Amino acid sequence: MLAARLSLPVLALALASTGVASAYSWPVKPFHKPHPIRGTFGDPRFHLDAEGQLSAFHFGVDIAARDGSPVYSVAPGVVVRRHRDSVTIGRTSGRRFGYWHIRPVVKSGRHVRLHQLVGYVAKGWGHVHFAESFRGSYRNPLRKGALAPFNDHTVPNVVSVQLASGGSPVNPQRVTGMIDITANVYDLPPLAPPPPWDVARLAPASVWWDLRDSTGAMLESSLAAYFDFALPSADLYTWIYAPGTYQNKPHRPGQYIFWLAHALDTANLANGSYTLDVFASDSRHNIGTASVGFTIAHS
């Protein structure tokens, strides 16, 4: 299980106190209308085309846009970094916005106005990777009070919950010893991206679980993943995402397998029936849930 067990409201309050910035518009036209998202904050990313190697949390959102589409600044500032395919614009407060997979048209050191053209979506990308950071720490652009307008009424799906021991499935009617618990969870974009990304799935903003005994009394509650505000430490990637996880590809939806518990010692649980409730939330706090029952049967 996660070393630090924090309730969702407590963690959200703690993170919110670290500097929530004012809302801003979209970096593509129309500025004040939602656009399709095909990759979200915290979802899995792999490099060198080898899934499972050099994996990382996605540090922004991928906004679908045709190749050659103009990309604009969401806030005024100074170009603090310019590469062949990206621009980062910042302010003295430490807040920065990044625009990746573009052909930049602004130069380093230059001041940029609100909604000034910063570049064009590069050929073959079909999206702009948009990121926000504050003093070096990435923030979720889809959190409330950030990228706007953004409306989401979709409910995340908890597809399945798996109990295993030593990598093999466990009979839920006879659970004993150390077990691992994983859940297959995804959310759908509120606006479908154009093909071939119309089958894209998104990682939820948070995943957590409760354990109840046969009387309904809650025995334990644990947070498995939280991307709603900021990214977890990079070294927690394989602690949060389990094997079988992969990102969206053209014509292929992503799959997100979350670790709920690592080596849960059932010796601490008396023989009897239990229920594990799994919850998944998006950045607008639409919550999907699933429950699995199992029986502890120590010999």
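## Rings, strands and hidden spaces

At 6% relative accessibility, Tyr 24 counts as buried, because the cut-off for that word is under 20%. Keep in mind that this is a predicted model, so every value here is computed from predicted positions.

**Aromatic pairs**

What does Tyr 24 team up with? Its ring partner is Phe 97: the two ring centres are 4.8 Å apart and the planes meet at 75°, so the pair is edge-to-face. The cut-off behind that label is an angle over 60 degrees. Phe 97 counts as buried too, with a relative accessibility of 4%.

Now look at where these two residues sit along the chain. Tyr 24 belongs to the loop between helix 1 (8–16) and strand 1 (37–39), while Phe 97 belongs to strand 8 (residues 95–100), so their pair ties together parts that are 73 residues apart in sequence.

A second pair to find is Tyr 274 with Phe 294, and this one is stacked: 5.8 Å from centre to centre, with 20° between the planes. Tyr 274 is in strand 20 and Phe 294 is in strand 21, so this pair ties together parts that are 20 residues apart in sequence. Tyr 274 is buried, at a relative accessible area of 8%, and Phe 294 counts as buried at 3%.

Here are the two pairs in one table.

| Pair | Centre to centre | Angle between planes | Type |
|---|---|---|---|
| Tyr 24 and Phe 97 | 4.8 Å | 75° | edge-to-face |
| Tyr 274 and Phe 294 | 5.8 Å | 20° | stacked |

How many aromatic pairs does a search of the whole structure find? The search finds 15. There is also an aromatic cluster, formed by Phe 57, Phe 227, Tyr 237, Tyr 241 and Phe 258.

Strand 20 runs antiparallel to strand 21 (residues 287–296), and 10 bridges join the two. If you want a spot to check in the structure, Thr 275 stands opposite Gly 293 in strand 21. Strands 20 and 21 form a hairpin with 5 residues between them. In that turn, have a look at His 285, which has a positive phi of about 65°.

Strand 20 also pairs with strand 17 (residues 206–213), again antiparallel, through 8 bridges. Here the bridge partner of Val 207 is Ala 280 in strand 20.

Next, pick out an open sheet of 3 strands, with the order 5-11-9 and antiparallel pairing. At its edges you'll find strand 5 (70–72) and strand 9 (102–104), each of which pairs on one side only. From one strand to the next, the twist averages 35°. Strand 9 and strand 11 (residues 117–121) pair in the antiparallel sense over 3 bridges, and Arg 103 has Tyr 120 in strand 11 as its bridge partner.

Another open sheet has 4 strands, in the order 15-14-16-19, and its pairing is antiparallel as well. Which strands stand at its edges? Strand 15 (168–169) and strand 19 (257–265) do; each has a single partner strand, so one side of each is left without a neighbour in the sheet. Strand 15 is joined to strand 14 (residues 157–165) by 2 bridges, and the two run antiparallel. In this pairing, Ala 164 has Pro 169 in strand 15 as its bridge partner.

**Cavities**

The largest cavity holds about 120 Å³ of space. It is lined by 14 residues, and those nearest its centre are Thr 40, Leu 142, Ala 203, Asp 282 and Ser 283. What classes make up the lining of the largest cavity? There are 8 nonpolar, 3 polar and 3 charged residues.

The second largest cavity holds about 40 Å³. Its lining consists of Pro 34, His 35, Pro 36, Ile 37, Phe 150, Asn 151, Pro 190 and Leu 191. By class, that lining divides into 6 nonpolar and 2 polar residues, with no charged ones.

Conventions:
Residues numbered from 1 in each chain as written. Predicted model: local features only at pLDDT ≥ 70, side-chain atom pairs only at ≥ 80, totals over all residues. Heavy atoms only, no water. Pairing = 2+ DSSP bridges. Axes fitted to C-alpha atoms, helices over the stretch in contact; angles between N-to-C directions. 1 Å grid on protein atoms, 1.4 Å probe; cavity = no way out; pocket = protein on both sides within 12 Å on 5 of 7 lines; lining within 4 Å. Points joined across faces, edges and corners; volume = space filled by probe spheres on them. Nonpolar A, V, L, I, M, F, W, Y, C, P; charged D, E, K, R; others polar. Phe/Tyr/Trp six-rings, centres within 6.5 Å; stacked < 30°, edge-to-face > 60°. Buried < 20%, exposed > 50% of the residue type's maximum accessible area, 1.4 Å probe, protein only.
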